[in-house]
Amino acid sequence: MGKFGVTGKMELKEVNSKEKEKKTTFVDLWCNFKESCTLHGIGHVSLTHCFRGLIWFVAFGFSFGYLVYLLHEEWIIFKQYPFMTSASVKRVSSIEFPAVTFCNMSPHNRSKVAPDPRDNDYHMAISRLSSLVGEINWTDPYYRDNGYFRPRTRSDIVYEALDKSQVIRSVTFDRLDVTGDVEEKVTKYGMCYTWNADGSVTTTSTGNSMNFIALLNVNNDQNYQSIDCSNGFKATVHDPNEHPAIEVNGFLVPPGRMALATISKTTHSYLGTPYKAFGDEYCLDTAASDEFVNPVHPSPYSINACQKKCEADIIYQLCGCVQLGTIVGNYTICSHYQHYQCYFNRSFQQNTTVPSIAKSCNCPQPCQQTTYDVKVSTALYPSEEAAAFLDGRFGRFGFSKQYVKENFIELHIYFDYLKVHDVKQVPVYASEKDILSNIGGQMGLLLGASLLSLLEIAEFLVNCVMFLIKKCWSRMANMKKVSDEKDYSNTTQN
């Protein structure tokens, strides 16, 4: 009786379980889900109204598929680290003045550089006119006797240059005499000059009567050309922390002119790795003291300085020397003969073209940079009255009115406004909340969904999985019961 009672209870439970399974179907799960779900349109997907339910199912499926596509695109864009560029202008009460570098394009003293026609042939052969000059006869004893095969030094440049006091008649800044602050600087042109090399000067004044004003003398009666075969002055303004690179930058002012150079300052802030600030290239974060290794130490890093150093390294490997104006490195300066053979000899240029060397140099743009835009206008200088005044002032030096008109240059470099242009790259996704905002907007637009809606979908999927597991479990239990009953009946018969 006890055994029958236990068996009866088990059978009763199985019957109740079967009845419950019969009552709970997938349709019931779906109806419960769509009635409680906050997704837009899901409540209209009906399994009883086939046509209407199909239309809503297609609309919902299209919106869901398009959402998946947009999320995929959003993820791809996010992994590309996009950014946008913002530009702004701010007024300041005072502004740091840039460094000014200027060169006499005929910087040499003719009596020291070219006393003989053979000297003139050499200097033409290393100028822009080199293609028109024949080969130099280096077997001529004149070249060895006059030091053409001896490595050159800075002292040679100083000796060959025009006297500084003859070139620079006066330099003022905001009406104060700063002639004594001008420093000599050797470039490939020869002797040049830099003012405010340390960047310590600031100004609160604007206009062409203030800031930097220089009265310069070309010295046509004594000078001798540089490699550009031109006459006048070349000037450039640059960040004091950067190499002036006057060979590739700057503007020219011919003799007998007044030049007004208006400058404006722009600061650039680019995003470092992993952002590709320049197309497929990254900028170099020079502020990262732990990771950044300055290739031009002790000079501050800049693209121009880096390229000069890289070119010098390659030329030194090829020629065993470098040309004048190399800013860093313990190099031997080329002799006149080496300079000609390395840079201007036609057979050498056929094998290795010096301009192409820069392509092999890896010199990325720094992430922080200050540039100066320059607008130049000129006028004849001086006027008749000014020429007469200068004749009276410098007449004891042999400067007549005609000499002043043919040799003097007045150079003005100034700010027109006390303002700074700021160009900055800003990440499109500044933080995780930005991409979450985009995803939330797309989900809300297409499905009216939120993050909690995802929890509702997850709950429905879990219920479906549990429903399938129970169905499978129940079917397996029934199969086992049938198998046990067969075994019992076979045993009883035997």
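**Close-up views of the cores and disulfides**

**View 1. The largest nonpolar core and the residues that touch the most other members.** Of the 37 residues in the largest nonpolar core, F97, F102, W195, F212 and I413 are the ones that touch the most other members. The top contributor is β16, with 6 residues. Keep in mind as you look that this is a predicted model. In soluble globular proteins, nonpolar side chains tend to be buried together.

**View 2. The surroundings of F97.** Which residues does F97 contact, leaving aside its neighbours within four places in sequence? Its partners are F173, W195, N196, V201, T202, T203, N211, F212, I263, I413 and F415. You have already met W195, F212 and I413 among the core residues with the most contacts to other members.

**View 3. A second, separate core.** This core has 17 residues, and I126, V133, W138 and I315 are among them.

**View 4. The disulfide between C283 and C367.** The sulfur atoms of C283 and C367 sit 2.0 Å apart. Is this disulfide right-handed or left-handed? The torsion about its S-S bond is about 90°, so it is right-handed. The pair links distant parts of the chain, 84 residues apart: C283 is in the loop between β14 and α9 (303-319), while C367 is in the loop between α12 (354-357) and β15 (368-380). Buried means under 20% relative accessible area, and C283 is buried at 6%, as is C367 at 3%.

View 5. Because C306 lies in helix α9 and C363 in the loop between α12 and β15, the pair ties together parts that are 57 residues apart in sequence. C306 is buried, at 7% relative accessibility, and C363 is buried too, at 14%. C310 is joined to C361, S to S 2.1 Å; its torsion is about -90°, so this disulfide is also left-handed. Here C310 lies in helix α9 and C361 in the loop between α12 and β15, a separation of 51 residues in sequence. Both C310 and C361 are buried.

**View 6. The disulfides together.** How many disulfides does the structure hold? There are 6. Counting bonded cysteines along the chain, their pattern is 1-2, 3-12, 4-11, 5-10, 6-9, 7-8.

Note on methods. Residues numbered from 1 in each chain as written. Predicted model: local features only at pLDDT ≥ 70, side-chain atom pairs only at ≥ 80, totals over all residues. Heavy atoms only, no water. Core = buried A, V, L, I, M, F, W, Y, C linked by side-chain atoms within 4.5 Å. Buried < 20%, exposed > 50% of the residue type's maximum accessible area, 1.4 Å probe, protein only. Helix = DSSP H or I, 4+ residues; strand = E, 2+ residues; numbered from the N terminus. Contact = heavy atoms within 4.5 Å. Disulfide = S-S within 2.5 Å.
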